[in-house]
Amino acid sequence: MIKRGVSLYSFQEELFQGRMSVEDCIAFAASIGARGIEILPEQNMPGFPHISDREIGEWKDIAARHDCEFTCYDMFLDTKLRSDRFMTDDEQVVSIRRDLDLCHRLGIRNMRVLVFVRPDILERCVPYAEEADVHMGVEVHAPWHMEHAWILRTVEVADRLGTRHLGLLPDMGIFMKHYPPVWRARFEREGARPEVAQFIVDQHEAKIMAEYTIYEVAVRMKGNPAEVRMAETLRHSPYSNPKRIADYIPYFRHIQAKFYEMTPDCSDPSLAYDEVVSELVKAGWDGYLSSEYEGNRWVQDFEEVDSREQVRRQHLMFKRLLTDAGQEAA
């Protein structure tokens with residue numbers, strides 16, 4: 001059964017500006033039927049990493065007041081915590097174990113692991129994850145994809161250990177079928193010529209290798225800085241095959257439903273959600289689609305960000321797509 005949730009990351013603009021509190025975010029999510037809440041302790045908990053039992057209780061009380069549950073804990077690994085050296089392997093394990101402990105104390109069963117964390121480090125953390133009963137899902141984030149050699153290293157470790165506590169956590173940004181209009185508009189406001197912007201969009205639509213497009217724009221078209229930056233976004237805009245997602249379902253428990261823009265008719269103009277949701281329902285996946293709005297940075301230069309409206313539209317889309325795929329939408 002696919003359920004609907006929201007990452008607090010979606011409301012980073014309003015949280016940063018003080019226009020919403022954490023409880024405001026959770027209350028809004030509940031109001032649109034998105035009862036799974038994904039949290040970022042480093043961003044959402046002022047005292048992190050020193051969180052008292054009283055604070056844990058307050059977080060659980062907020063969730064209970066709004067009939068929600070915490071679905072995922074987004075961890076970070078500060079390998080550059082010190083200015084004179086990187087974290088040692090042992091220090092990385094200690095840091096991840098600290099996150100697993102806090103995840104467990106909050107009653108959360110899924111932890112998002114940054115994609116750069118090495119599989120051998122995660123292998124050392126598996127016993128702690130099993131003890132805490134927390135699934136460590138390595139975020140499959142663009143430009144990586146589920147069949148990328150780096151991602152498959154984690155799959156190989158999970159298979160070799162036979163563990164249910166290590167796997168993947170897909171970020172839907174890997175399914176970018178069309179170039180986001182909101183990206184193009186920002187680059188044009190920064191000086192990209194419409195004809196060059198259209199060339200980049202057409203190249204993405206044709207799935208031309210990014211480096212070819214960057215060369216054409218930077219060298220042959222003598223692109224200005226905004227145009228070159230726009231072309232360079234193609235390095236991080238893959239269109240993975242939605243039909244392959246079913247092959248990796250055993251390895252993930254949670255999905256970050258990345259999006260950059262929802263149109264007034266509640267459609268996503270760039271990410272292939274219609275195809276992905278259909279494949280998930282067909283495969284019988286059970287878990288949360290957790291909204292992760294990242295469009296704020298593309299519009300904040302000329303209008304006030306309204307994350308709530310964008311998230312609301314995405315959930316209306318989810319309800320429609322789930323119904324179309326044969327699942328009764330909550």
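A residue counts as buried when its relative accessible area is under 20%, and as exposed when that figure is over 50%. C68 has 13% relative accessibility, so C68 is buried. This is a predicted model.

**Cysteines**
- A disulfide is a covalent bond between the sulfur atoms of two cysteines.
- A search of the whole structure finds zero disulfides.
- The cut-off for a disulfide is 2.5 Å between the sulfur atoms.
- C103 is buried, because its relative accessibility is 0%.

**Surface patch**
- Which residues form a nonpolar patch on the surface? They are I208, M209 and Y212.
- Together, these three residues have about 320 Å² of accessible area.
- Y212 sits in helix α10, which covers residues 210-220.
- Y212 has a relative accessible area of 53%, so Y212 is exposed.

**A loop residue**
- T233 lies in the loop between α11 (225-232) and β7 (254-259).
- Is T233 buried or exposed? T233 has 13% relative accessibility, so T233 counts as buried.
- Leaving aside residues up to four places away in sequence, T233 touches Y179, W183 and F187.

How values were computed
Residues are numbered from 1 along each chain as its sequence is written. This is a predicted model: local features need pLDDT of at least 70, side-chain atom pairs count only at pLDDT 80 or more; totals for chains, interfaces and linings use all residues. Side-chain values use heavy atoms; hydrogens and water are left out. Patches are made of residues with over 30% relative accessible area and no salt bridge: like charges are joined within 9 Å, nonpolar side chains (Val, Leu, Ile, Met, Phe, Trp, Tyr) within 5 Å. Accessible areas come from the Shrake-Rupley method with a 1.4 Å probe; for residues, only the protein chains shown count as cover. A salt bridge is a side-chain nitrogen of Lys or Arg within 4 Å of a carboxyl oxygen of Asp or Glu. Helices (H or I, at least four residues) and strands (E, at least two) are DSSP runs, numbered from the N terminus. Buried means under 20% relative accessible area, exposed over 50%, partly exposed in between (1.4 Å probe, protein chains only). Contact means heavy atoms within 4.5 Å.
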